[in-house]
Amino acid sequence: MLGHRLSEWCGHGPILEEDIALTNIALDLVGEANLLLGRAATAENAGRDADALAFLRDVREYRNALIVELPKGDFGFTVARQFLFSVYALHQWEALSTSADDDLAGIAAKALKETRYHVRHSAEWLVRLGDGTDESHGRVQDALDELWRFTGELFLTDDVEQALVKQKLAVDSSSLFDAWKRDVTDVISRATLRMPGDVYMQRGGRSGMHTEHLGVMLAEMQVLPRTYPGAKW
Amino acid sequence: MNKESVLAILDTVKDPEVPVLSVVELGIVRDVEFDGDAVTVVLTPTYSGCPAMQTIEDDILAALNAAGIAGASVRTVFTPAWTTDWIPSAAREKLRAYGIAPPGHSGVHSPVQLRRREPVVCPFCGSPNTAERSEFGSTACKALHYCNACTQPFEEFKAI
């Protein structure tokens, strides 16, 4: 999801280096998704491969957190979202790298290395924009305030996850909150930005209840394999 | 046919995006397995989304086939995760001669590290008076730098 959203910056980055950086990160995220969906397809054992899971599921079958499907917004919004998500991903991958499932542990250990670069990239931009001009400060603060209500969902756990946690296969998402909050607070403060206050937290992604943006995004993301089934090049 | 002879063949297969390094020097060939006459090359990907991996697999099989080893296969493993620390020093020198600064030690990062390590040395003039432009470059594995001494932009094979 987020890899696709970042790929929308291709040719639209504020400077050439950022165009390249955002699409490189998109490539990492799509690569990680490909590996995870491949592992999921093996577990499902129903004849679907990673491509089928990515391109042939409808909106309600997606289980992603809402924060990653939101439109890319302006550059400040993209940076703020990338920062909040990357710090979460860092701790999720780190914990998952000790999974009892060898494939998951290996995928996580690899993704963790990539995510360190993503965290540094977005954190440095958050500081640059937050501690920049009045305009950049205002925009990135607005983005943080807007995004905050989508962060709670990242740390919700459910019965499926808890069953996997018992088998030492998955990570209890709620256990990641303290480390995430610590890191996020630290960088937001260095960026001279204000931590958003307590707000009502949106949820729904895990049960397939998405924002109106996901359907529009999937229409574009899935048009080719749905129009030309089995297309290869 | 033994592991050494297969590795010697694989050492002729170059990374399509960094053609100065072989797949062996890159450290992505983890093992060679034999089961009777069947050869399996055990490979680990560089970056999760590296678009060159399919080409590398095809090139490996083509090279083995050309050397008379038919019906070989490639098996992908994820553990341990690839690191640039596996690139030997001779291969690092090849990178430098090719105009790409070799990777530093991958090290251990604090969770949110904003400051980078010491400046990267320019592969053209050897000056440490360089500035990082971006940690993301023309491929997943490279970063962009600029040398203030010889006023040349250059790439770095980034440590991971």
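Predicted model: local features only at pLDDT ≥ 70, side-chain atom pairs only at ≥ 80, totals over all residues.
1. Secondary structure. Chain B contains three helices and seven strands. Along the sequence, the elements of chain B come in the pattern α-β-β-α-β-α-β-β-β-β.

2. Extent. Taken along the principal axes, the box filled by the C-alpha atoms of chain B is roughly 55 × 35 × 25 Å.

3. Burial and surface. Of the 160 residues in chain B, 49% are buried, where buried means under 20% relative accessible area. The chain exposes about 7300 Å², and 52% of that area is supplied by carbon and sulfur atoms.

4. Contacts. Taking the contacts in chain B between residues at least 6 apart in sequence, 50% join residues that are at least 24 apart.

5. Charge. Chain B carries 19 negative and 13 positive side chains. The centres of these two sets are 9 Å apart.

6. Open sheet. Four strands of chain B make up an open sheet with mixed pairing, in the order β4-β7-β6-β5. Its edge strands are β4 (100-101) and β5 (130-134) of chain B, each of which pairs on one side only.

7. Which way do β4(B) and strand β7 of chain B run, and how many bridges join them? They run parallel and are joined by two bridges, with β7 of chain B covering residues 153-157. At residue level, B:I100 has B:E155 in β7(B) as its bridge partner.

Key. Residues numbered from 1 in each chain as written. Chains lettered and ligands numbered in written order. Heavy atoms only, no water. Buried < 20%, exposed > 50% of the residue type's maximum accessible area, 1.4 Å probe, protein only. Contact = heavy atoms within 4.5 Å. Areas by Shrake-Rupley, 256 points an atom, 1.4 Å probe, with all protein chains shown as cover. Lys, Arg positive; Asp, Glu negative; His and termini not counted. Charge placed at Lys NZ, Arg CZ, Asp CG, Glu CD. Pairing = 2+ DSSP bridges.
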